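The structure under study is shown first.

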Amino acid sequence: MDRRTSQRIDTALAHGLAAGSHSSLGAPGRDSAAFQDTLIQDTPVRPGPPQIQTTPPSDDGRAPSLGSPTASSPDGPVFDKNRVIDEYGFYEGTSDASTPQTVTSSERKHIIERETEWLGMLEDWEWAKSKKKMRIKKLCREGIPDSVRANVWMMLAGVNKIREVGLYESLVRSTDAPSIFDIIERDINRCYPNHMMFAQKGGEGQHNLRKVLRAYALYNPELGYCQGMGMLVGLLLMRMSPEDAFWLLAATLKFYIPGYHSANLYELRVDATAFELAMQKHLKQLGRHMAKIEVSPLTYMTQWFLTLYTMALPWRTVLRVWDMFFCDGPKALFRVGLGIMATKKGYLLKHCPSASDAVPFLLQVPHEFVDPDALMAACLKIKIKREEVDKFRARAKRSHASLDENLNRLK
């Protein structure tokens with residue numbers, strides 16, 4: 001990594017992340033508002049999360065009106081009982097709401113066939129994992145049916161490797177109240193305010209979100225809590241019980257993205273450099289253009305990777321990205337990012353002559369990705385293997401080590 005590149009990354013980190021906060025139980029965190037503003041308020045609210053349907057649909061097939069936040073106040077969302085929700089639990093008329101999707105009889109039949117196949121594999125997961133690896137990958141790329149999605153994610157992530165019976169409940173019952181809890185509390189109202197589960201201040205959804213985040217902070221005191229984790233937990237709570245959400249969060253942070261939410265975001269910074277190297281190989285012209293206008297991936301992929309695209313894509317597409325992520329691992333984050341860049345290459349080259357043009361555009365991922373198949377097709381055109389990502393990461397770590405060594409000499 002040359003000096004200009006390292007300066008761009010340091011500048012991006014200083015402006016985009018230093019204002020934020022990370023907290024562990026051993027070191028009380030700074031105020032989280034600045035970083036959360038960077039992730040949420042300065043970018044469009046990402047199209048929304050999924051939900052577990054708890055009430056029957058109305059005659060027209062829509063979920064019934066359960067109330068919605070019509071505005072935000074200093075104390076959190078304002079609740080209104082006269083709004084309908086979309087299929088994922090987001091209030092219609094908000095920027096999070098998904099457009100209605102019509103499912104044909106043949107598509108419905110295909111969904112049922114996939115559900116049946118998944119159920120069969122879940123009955124003997126160890127056998128399926130060893131004997132049907134490629135079939136599992138294909139089914140994940142097609143999209144896991146909602147009815148089995150939560151169970152498949154937990155199996156793919158290896159939750160059973162770390163789950164300890166009774167531990168979650170003991171953490172929830174703990175009387176410890178470290179200062180990190182204050183940071184968590186200030187972020188509760190910011191997580192999915194347009195979703196029926198979290199719109200009501202002090203409601204069950206916010207209560208469960210608080211429980212899981214606090215439990216994890218006690219479970220992993222070295223990491224504690226970092227902004228972006230609430231978005232992950234919120235999505236999980238829309239699909240599973242609080243205890244399952246806790247263990248899947250723990251598995252995700254341990255096995256998939258360790259270090260992303262650490263105090264110095266080291267692994268995220270490494271992956272920003274690795275992503276730049278990937279662009280230089282797979283999207284050479286665009287990579288040169290982004291380097292010329294001095295836009296480091298860190299300025300836009302921080303939001304993408306930290307929240308696993310929950311703030312960047314329409315919700316139907318977010319779920320498909322997570323299906324691929326739990327199957328393929330962190331490589332999927334690179335592939336999705338490269339797919340987005342490849343799809344918008346023409347616009348970035350023609351209409352983004354400066355960083356001030358490119359960065360806001362990349363933080364507001366285009367709405368054509370409301371069709372998850374369009375993004376999946378773009379991603380799968382990027383032929384990148386896990387070994388290649390590992391090589392990019394190794395090069396990035398050497399570059400960061402060299403940079404750190406040079407900086408230490410200057411001190």
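**Entry 1: Salt bridges**

I counted the salt bridges first, and the structure holds 18 of them. A salt bridge here is a side-chain nitrogen of Lys or Arg within 4 Å of a carboxyl oxygen of Asp or Glu. I note that this is a predicted model, in which local features need pLDDT of at least 70 and side-chain atom pairs count only at pLDDT 80 or more, while totals for chains, interfaces and linings use all residues. Residues are numbered from 1 along each chain as its sequence is written, and side-chain values use heavy atoms, with hydrogens and water left out.

I then looked up Glu117, which forms a salt bridge with Arg135; the closest N and O atoms are 2.7 Å apart. Glu117 belongs to helix H3 (residues 105-123) and Arg135 to helix H5, so the pair ties together parts that are 18 residues apart in sequence. Helices are DSSP runs (H or I, at least four residues), numbered from the N terminus. Glu117 is partly exposed, with a relative accessible area of 23%, and Arg135 is partly exposed at 32%.

The next pair was Lys129 and Glu126, whose side chains meet in a salt bridge at 3.5 Å, N to O. The two residues are three residues apart in helix H4 (residues 125-131), and Lys129 and Glu126 are therefore separated by about one helical turn. Lys129 is partly exposed at 37% relative accessibility, whereas Glu126 is exposed at 53%.

I also examined Asp244, which forms a salt bridge with Arg163; the closest N and O atoms are 2.8 Å apart. This pair links distant parts of the chain, 81 residues apart: Asp244 is in helix H11 (residues 242-256), and Arg163 is in the loop between helix H6 (146-157) and helix H7 (167-173). Asp244 is buried, with a relative accessible area of 19%, while Arg163 is partly exposed at 29%.

Finally, I recorded a network of salt bridges that links Asp146, Arg149, Arg239 and Asp323.

**Entry 2: H5 against H15**

Two packed helices are described by the angle between their axes and the distance between the axes. At what angle do H5 and H15 pack? I found that helix H5 (residues 133-142) and helix H15 (residues 315-328) pack at an angle of about 160 degrees, with their axes 8 Å apart. The axes are lines fitted to C-alpha atoms, for helices over the stretch in contact, and angles run from 0 to 180 degrees between N-to-C directions. H5 and H15 are therefore roughly antiparallel to each other. In this scheme, angles under 35 degrees are roughly parallel, over 145 roughly antiparallel, 65 to 115 roughly perpendicular, and the rest oblique.

I listed the residues in contact (heavy atoms within 4.5 Å). H5 contributes Ile136, Lys137, Cys140, Arg141 and Glu142, and H15 contributes Arg320, Asp323, Met324, Cys327 and Asp328. By class, the contact of H5 with H15 has four nonpolar, no polar and six charged residues. Ala, Val, Leu, Ile, Met, Phe, Trp, Tyr, Cys and Pro count as nonpolar, Asp, Glu, Lys and Arg as charged, and the others, Gly among them, as polar.

**Entry 3: H15 against H19**

I followed H15 to helix H19 (residues 372-380): their axes come within 9 Å and cross at roughly 40 degrees. On the H15 side I noted Arg316, Thr317, Arg320, Val321 and Met324, which meet Pro372, Asp373, Leu375, Met376 and Cys379 in H19. This contact of H15 with H19 holds six nonpolar, one polar and three charged residues.

**Entry 4: H9, H10 and Asn208**

The axes of H9 and helix H10 (residues 229-237) come within 10 Å and cross at roughly 125 degrees. That makes H9 oblique to H10. From H9, I listed Gly205, Asn208, Leu209, Val212, Leu213 and Tyr216; from H10, Met229, Gly230, Val233, Gly234 and Leu237. The contact of H9 with H10 comprises seven nonpolar, four polar and no charged residues.

Is Asn208 buried or exposed? Asn208, in helix H9 (residues 204-219), is buried at 13% relative accessibility. Leaving aside residues up to four places away in sequence, Asn208 touches Leu237 and Pro242.

**Entry 5: Val295**

I located Val295 in the loop between helix H13 (284-292) and helix H14 (298-306). Val295 is buried, at 2% relative accessibility. The C-alpha atoms of Val295 and Ser356 are separated by 9.2 Å, although the two residues are 61 residues apart along the chain.

Key. Buried < 20%, exposed > 50% of the residue type's maximum accessible area, 1.4 Å probe, protein only.
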